[in-house]
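Q: Hey, could you walk me through this one? I'm new to it.

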Amino acid sequence: EVASPAKDFVLYYAIYGEHNLRVLLDRYEQAGGRVWPRMFDHIVEQHAAYPVLIAQFALLTGQDEYMTMARNALGLTE
């Protein structure tokens with residue numbers, strides 16, 4: 001898939017948080033990776049939208065386990 005490289009950092013952000021993401025982006029840039037202005041913000045926004053992507057996948061597949069995951073991610077648990 002050709003997509004935004006920022007997607008590769010979303011789960012890192014979810015696990016390690018803002019401070020560690022900033023450290024990683026600095027090190028990534030020092031190692032020759034391309035970091036653009038507001039890339040950090042882009043990653044945070046992609047993380048915020050992740051529950052919607054799970055829900056979309058759940059609707060496409062119709063699989064109960066993904067529907068449950070989507071409901072949990074969207075805060076729609078009973």
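Predicted model: local features only at pLDDT ≥ 70, side-chain atom pairs only at ≥ 80, totals over all residues.

Q: Okay, so where does Leu53 sit, and is it buried, exposed or partly exposed?
A: Leu53 is in helix α2. Its relative accessibility is 43%, so it counts as partly exposed.

Q: What nonpolar surface patch is Leu53 part of?
A: Leu53 makes it together with Leu11, Ile15, Tyr16 and Tyr50, and the patch covers about 530 Å².

Q: Which helix gives the most to that patch?
A: That's α1, with three residues. Both α1 (10-30) and α2 (39-61) supply at least two, though.

Q: Switching to the inside: what makes up the largest nonpolar core?
A: Ten residues, among them Phe9, Tyr13, Leu25, Trp36 and Ile43. The elements giving two or more residues to this core are α1 and α2, and α1 gives the most, with four.

Q: What does Tyr13 touch, leaving aside neighbours within four places in sequence?
A: Tyr13 is in contact with Glu18, Leu21, Ile43, Val44 and His47.

Q: New topic: how many salt bridges are there?
A: A search of the whole structure turns up one. Arg38 pairs with Asp41 in a salt bridge, with their closest N and O atoms 2.9 Å apart.

Q: And how exposed are Arg38 and Asp41?
A: Arg38 has a relative accessible area of 62%, so it is exposed. Asp41 is at 31%, so it is partly exposed.

Key. Residues numbered from 1 in each chain as written. Heavy atoms only, no water. Salt bridge = Lys/Arg side-chain N within 4 Å of Asp/Glu carboxyl O. Buried < 20%, exposed > 50% of the residue type's maximum accessible area, 1.4 Å probe, protein only. Patch = residues over 30% accessible without salt bridge, like charges linked within 9 Å, V, L, I, M, F, W, Y side chains within 5 Å. Areas by Shrake-Rupley, 256 points an atom, 1.4 Å probe, with all protein chains shown as cover. Core = buried A, V, L, I, M, F, W, Y, C linked by side-chain atoms within 4.5 Å. Contact = heavy atoms within 4.5 Å.
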